[in-house]
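Here are some notes for a colleague opening this structure for the first time. Please read them with the model in view.

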Amino acid sequence: MTCNRGKESLALDFRTDAGREVLVRLIAQSQVLVHNFRPDFSEKNALTYEDVRKINPEIIYAMVSAFGGDSAYRLRPSVDSVVQGMTGAFYASGEEGDPPVRIGLPIIDVASGMCGALGVLAAVMHWQQTGRGQRVELALADTIFNFMAAKVGEHAVEQREPVRSVNLPIAVPSRHFQGSDGAWFSVSVVNEGAFRRFCGVVNQPAWLTDQRYNRNFARVANRPALLAELAAIFAKRPAAEWVAAFEAADIPCGPVNTVAAAMSDPVLADRFVEHPALPGLPMIPFPARLAEGMHRPETMPPPPILGQNTMAVLSEVGYAQHEIERLGATGVVRLGNVAQKMEQ
């Protein structure tokens, strides 16, 4: 109800003969098929690329797996957190000495969807130029390794385990700190000009000539000492005062909000659109906003309940109403009742 804006929902059990017939009709009239079934399920249910292209030779077939359909791990059961652990991402977060830290969001799942969409669009452009469909494959492991490019490079070049730090590895200081009131804020110094202004805010002009801190490579090498000094400095004023001071100095800085605090920020909350059927539940907008057309957030249909559009979609592929109702009665499809669902 928060993510699936702009979509339609058809609920189908294609493991039945009647369901398979529905699926074949849908594939025949579609340009793109996306799935995240394991290879053994696809093979058992005639859903491989070779099977699907027999129905629609121009189909763009996008498959998402954990480790790749041709990998030795192709049948390994896996989810976002397992892939994070196996690829070393648990050790890309936290500080030295911390236990493994899972990224607290399904970041690989979400990012893989976005990367997969780019792959599909590239395939659509290829189809426009050649008239040929193709298979697009996306592995969750590849997605997270792209996020970890700096860590992978650090290991390959230095031949050691990458340094763990919540600080941005290539810039210091760039992390969160605590003010005198116990609140947290995040500040990032990304170049030497910003560091000069930073020294002015924290009243440490001597750091501009201190060989431990006056260049970013020196600050990276002496990170623990600098962070310890900064922790003592920042403990003298409330977090909000530091945020205001750094903002005035044109240095990236902001409060470290809880989710509740972020949702109560009027500027941040203005990014959302209210769900028309469920007041109080925000619809999360797609990050890329188009100025014109149906993809503007205020014109997008709200997320559907499961099976809400079954009747409409099957009508588009030639099913009569009585046929759809029979499929619903036998459990082949689900016919979502919007009004009843919203009341529940």
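**Notes on the model**

1. Strands β5 and β6 form a hairpin, with five residues between them. In the turn, Gly 182 has a positive phi of about 90°. Strands here are DSSP E runs of at least two residues, helices are H or I runs of at least four, and both are numbered from the N terminus.

2. A word on the basis. This is a predicted model, in which local features need pLDDT of at least 70 and side-chain atom pairs count only at pLDDT 80 or more, while totals for chains, interfaces and linings use all residues. Residues are numbered from 1 along each chain as its sequence is written, and side-chain values use heavy atoms, leaving out hydrogens and water.

3. β5 covers residues 174–178 and β6 covers residues 184–188; the strands run antiparallel, joined by five bridges. Two strands pair if DSSP finds at least two bridges between them. Ser 174 has Ser 188 in β6 as its bridge partner.

4. β6 has another neighbour. Three bridges join β6 to β7 (residues 253–255), again antiparallel. Here Phe 185 stands opposite Pro 255.

5. Phe 185 also belongs to the largest nonpolar core, which has 25 residues. Such a core is a set of buried Ala, Val, Leu, Ile, Met, Phe, Trp, Tyr and Cys residues joined through side-chain atoms within 4.5 Å. Buried means under 20% relative accessible area, exposed over 50%, and partly exposed in between, with a 1.4 Å probe and protein chains only. Residues with the most contacts inside the core include Phe 198, Trp 207 and Leu 230. The elements giving two or more residues to the core are β6, α8 (192–201), α10 (223–234) and α11 (239–248). In soluble globular proteins, nonpolar side chains tend to be buried together.

6. Look at Leu 230 next. Leaving aside residues up to four places away in sequence, Leu 230 touches Pro 173, Phe 177, Phe 198, Val 202 and Trp 207. Contact means heavy atoms within 4.5 Å.

7. Why is β3 largely enclosed by the rest of the structure? Five of its six residues (60–65) are buried, so the strand counts as largely enclosed. β3 pairs in parallel with β2 (residues 32–35) through four bridges. β3 also runs parallel to β4 (residues 134–139), with six bridges. Among the bridge partners are Val 34 with Ala 62, Leu 33 with Tyr 61, and Ser 65 with Ala 139.

8. Side chains alternate along β2. Leu 33 and His 35 point to one face and are buried.

9. Where does Gly 280 lie? Gly 280 is in the loop between β8 (273–274) and β9 (282–283). Gly 280 counts as exposed because its relative accessibility is 64%.
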